[in-house]
Amino acid sequence: MEKAPAPRLPNQSIGSVVTAIGPVWVAVIALYVISAIISPAMFQPSQVMNILQVAAFVGLIACGQTLVLLIGGIDMSQAGVVTLINIIATSMMMGSDANIGFAVVACLGLALAIGAANAFLIVMLRITPLIATLSTNSILFGIALIYTGGAPHGSSAPSFNWLGQGNIAGFPVSALCWLAVALMLAWVTRATVYGRWLYATGANPVAARMMGIPTRAVQASGYIVSALTAALGSLLLTAYVGSPSLGIGNQFMFTAVAAVVVGGTALSGGIGGVMATVGGAIFITELNSFTNIIRINTGTQMVLQGAIIVASVVLYRAVAQKRR
């Protein structure tokens with residue numbers, strides 16, 4: 001006589017559901033429900049669109065950061081890239097639609113050069129990623145100060161502003177741009193040989209090299225993509241605010257990393273994914289909105305954000321150890 005299967009415990013069922021959906025998406029839904037209970041206005045579709053519009057900036061920047069963390073590195077120069085691109089873009093456009101093409105090409109070329117410089121410092125000169133990219137961040141901010149003389153000038157072009165402020169059938173254009181880039185990078189990392197190289201390099205670079213994977217080229221590509229997505233995020237943000245600011249990139253130094261880590265990408269490399277980072281970016285944006293609703297000051301917001309990063313790392317590490 002066959003034995004009846006053992007009944008599943010309630011906590012096992014909950015764990016299975018969370019694993020199937022993804023912990024970060026469960027957190028996104030839970031925080032949204034809590035925020036809406038405290039402030040019923042959050043249930044309005046316009047509030048959801050507003051969250052997606054704001055999340056697009058950090059989300060796009062965090063997409064590139066995800067690739068860097070997957071290869072076992074970190075890019076702290078994204079804040080400097082965002083600031084410098086904002087300064088350069090507005091000073092070249094000068095409020096004229098005729099200058100959009102030239103300004104965008106110049107900004108993306110500059111981002112490509114910054115990413116290549118980071119790759120050279122880390123891959124060729126063997127400087128620790130944290131130190132190398134922090135140095136680059138300081139250099140970029142210094143260049144922005146020298147370029148502007150401390151007084152930024154210029155503005156984005158009216159047609160260009162549609163990317164940051166416009167919508168298509170009520171959906172923010174900035175969010176559409178972000179999701180398009182995220183889906184493309186998710187496909188690249190999950191369905192191509194290059195994507196498998198990324199994960200293999202991050203999990204064990206020595207073993208990956210012995211398998212014939214060009215680990216140096218893979219690592220270099222991660223920093224170049226990171227700089228490019230930071231530049232794209234900066235261009236979207238510039239289109240949203242329409243003016244230059246020397247402090248515009250500061251907020252992304254840690255929030256981009258936080259979005260990636262909260263999404264479940266391991267700081268040690270080899271584990272994670274771009275679509276989970278999308279959830280992480282929405283969660284971070286929701287959290288900022290939630291703290292504004294309950295009127296927490298900026299200092300407490302930073303403490304809360306840091307605590308959530310630590311909690312995320314501990315939680316995902318515990319889950320990974322349990323799976324082993």
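A residue is called buried when its relative accessible area is under 20%, exposed when that is over 50%, and partly exposed in between (1.4 Å probe, protein chains only). With 5% relative accessibility, Glu286 falls in the buried group. You'll find Glu286 in helix α13, residues 274-293; helices here are DSSP runs (H or I, at least four residues), numbered from the N terminus. Skipping neighbours within four places in sequence, Glu286 touches Val28, Leu31, Tyr32 and Ile51, where contact means heavy atoms within 4.5 Å.

## About the model

This is a predicted model, where local features need pLDDT of at least 70, side-chain atom pairs count only at pLDDT 80 or more, and totals for chains, interfaces and linings use all residues. Residues are numbered from 1 along each chain as its sequence is written, and side-chain values use heavy atoms, with hydrogens and water left out.

Now look at helix α9, residues 193-203: its buried residues are Gly195, Leu198, Tyr199, Thr201 and Gly202. They sit on the same side of α9, because they cover an arc of only 165 degrees around the axis (taken from the directions from the helix axis to the C-beta atoms). Arg196 and Ala203, on the other side of α9, are exposed. The cover over the buried residues includes α3 (45-70), α8 (173-191), α10 (205-210) and α11.

## Where α4 meets α11

Helix α4 (residues 78-93) and helix α11 (residues 215-241) have axes that come within 8 Å and cross at roughly 50 degrees; the axes are lines fitted to C-alpha atoms over the stretch in contact, with angles from 0 to 180 degrees between N-to-C directions. On the α4 side, the contact residues include Val81, Ile85 and Ala89, and α11 brings Ala227, Ala230 and Leu237, among others.

Key:
Helices (H or I, at least four residues) and strands (E, at least two) are DSSP runs, numbered from the N terminus.
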